[in-house]
Amino acid sequence: MPARSAGGAGTEATGEVTDPREPLPLLRKELGTGPSGLSGREASRRLAVYGPNQVRRRERTSLAREAAQQLAHPLALLLWAAGALAFVGGIPVLGWAILAVIMVNAGFALLQERQAERAVEALEAYLPERAKVIRDGESRAVDVAEVAPGDLVVLEEGDKIPADARLVEGAVEVDLSMLTGESMPVERVAAPAEEGLALLREPNLVFSGTTCVGGRAVGIVFATGGHTELGRIAA
């Protein structure tokens, strides 16, 4: 999973991939996080580098502009040319049919754009407004957008999970239905990774937007924003 290779000494993103299933001491080293979590200053620095922990939406444009973009799409331009040739060639029925195809295609494309925007807005609702993190050795509540890679997050019954994280302490039951379709909660526990499992099946990983329905645990965040499983769905 794409991640943020970040060090406590201020190492910038390297574009490398951090595997959350690797041994915990190595993961802690790569994410630059100790038992006291990040410092407030380091968390702010990482937010400036990696951006807020949010499901990112494309900026909405006007309906007229979107319609113009669809009508000027390369494929639409080819159809415009074909329609013009049909009229010039004395086949108006074909020309009108091609124009109808252009309009219908643009209409469907606009509808799909709007549906996609509404779907992303619905995904945003899966994220909590606040999250509990350990910074400078103390537990504190922060806006979910301020959760950074390497943060230690505290998860308790009823909490929505704010980011993709590897459990380092405790155990929880998590409702993963929005990612896997499973109707029953699954147990996630601080333990070594198991070989050969898909990421969503790993018993020590929890994911952004899912819900903790029991237990208590602490996890180290390895992906935020668009790099989480929820962010991939939104993209």
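Predicted model: local features only at pLDDT ≥ 70, side-chain atom pairs only at ≥ 80, totals over all residues.
Residues are numbered from 1 along each chain as its sequence is written, and side-chain values use heavy atoms, with hydrogens and water left out.

The protein chain contains 7 helices and 7 strands, where helices (H or I, at least four residues) and strands (E, at least two) are DSSP runs numbered from the N terminus. Along the sequence their order is α-α-α-α-α-β-β-β-β-α-β-β-β-α. Of the 235 residues in the protein chain, 41% are buried; buried means under 20% relative accessible area, exposed over 50%, and partly exposed in between, with a 1.4 Å probe and protein chains only. Among contacts with a separation of 6 or more, 67% join residues 24 or more positions apart, a contact being heavy atoms within 4.5 Å. The accessible surface of the protein chain is about 12,200 Å², and carbon and sulfur atoms account for 58% of it. Accessible areas come from the Shrake-Rupley method with a 1.4 Å probe, and for residues only the protein chains shown count as cover.

In soluble globular proteins, nonpolar side chains tend to be buried together. A nonpolar core is defined here as a set of buried Ala, Val, Leu, Ile, Met, Phe, Trp, Tyr and Cys residues joined through side-chain atoms within 4.5 Å. The largest such core has 32 residues, and V147, V153, V172 and V206 have the most contacts inside it. Two or more residues come from each of α1 (24-31), β1 (130-135), β3 (152-156), β4 (164-175), β6 (205-206) and β7 (211-223). Strand β7 gives the most to this core, with 7 residues. V153 illustrates the packing: leaving aside residues up to four places away in sequence, V153 touches K132, V133, V147, P162, A165, A217, V218, G219 and V221. A second, separate core has 5 residues, including V55, L123, L127 and L230.

Side chains of opposite charge can pair when their charged atoms come close. The whole structure holds 11 salt bridges, each being a side-chain nitrogen of Lys or Arg within 4 Å of a carboxyl oxygen of Asp or Glu. One of them joins K132 and E156, whose closest N and O atoms are 3.7 Å apart. This pair links distant parts of the chain, with K132 in strand β1 and E156 in strand β3, 24 residues apart. K132 is partly exposed at 27% relative accessible area, and E156 is partly exposed at 31%. E156 also meets R216 in a salt bridge of 3.2 Å, N to O. Because R216 lies in strand β7 and E156 in strand β3, the pair ties together parts 60 residues apart in sequence. R216 is partly exposed, with a relative accessible area of 44%. Shared partners join K132, E156, D159 and R216 into one network of salt bridges.

A further salt bridge pairs D151 with R135, the closest N and O atoms being 2.7 Å apart. D151 lies in the loop between β2 and β3 and R135 in strand β1, so the pair ties together parts that are 16 residues apart in sequence. Both D151 and R135 are buried.

Most residues other than glycine have a negative phi. D136, although not a glycine, has a positive phi of about 55°. D136 lies in the loop between β1 and β2 (138-143) and is partly exposed at 45% relative accessibility.

Helix α5 (residues 92-124) includes M103 and G95. G95 is buried, at 0% relative accessibility, and touches G83, A86 and F87, not counting residues up to four places away in sequence. F87 in turn forms an edge-to-face aromatic pair with W96, at 5.3 Å centre to centre and 85° between the planes. The structure holds 1 aromatic pair; rings of Phe, Tyr and Trp (its six-membered ring) pair if their centres lie within 6.5 Å, with planes under 30 degrees apart counted as stacked, over 60 as edge-to-face and the rest as tilted. F87 is partly exposed at 34% relative accessibility, whereas W96 is exposed at 57%.

M103 is partly exposed, with a relative accessible area of 48%. Together with L77 and W80, M103 forms a nonpolar surface patch of about 290 Å² accessible area. Patches are made of residues with over 30% relative accessible area and no salt bridge, like charges being joined within 9 Å and nonpolar side chains (Val, Leu, Ile, Met, Phe, Trp, Tyr) within 5 Å.
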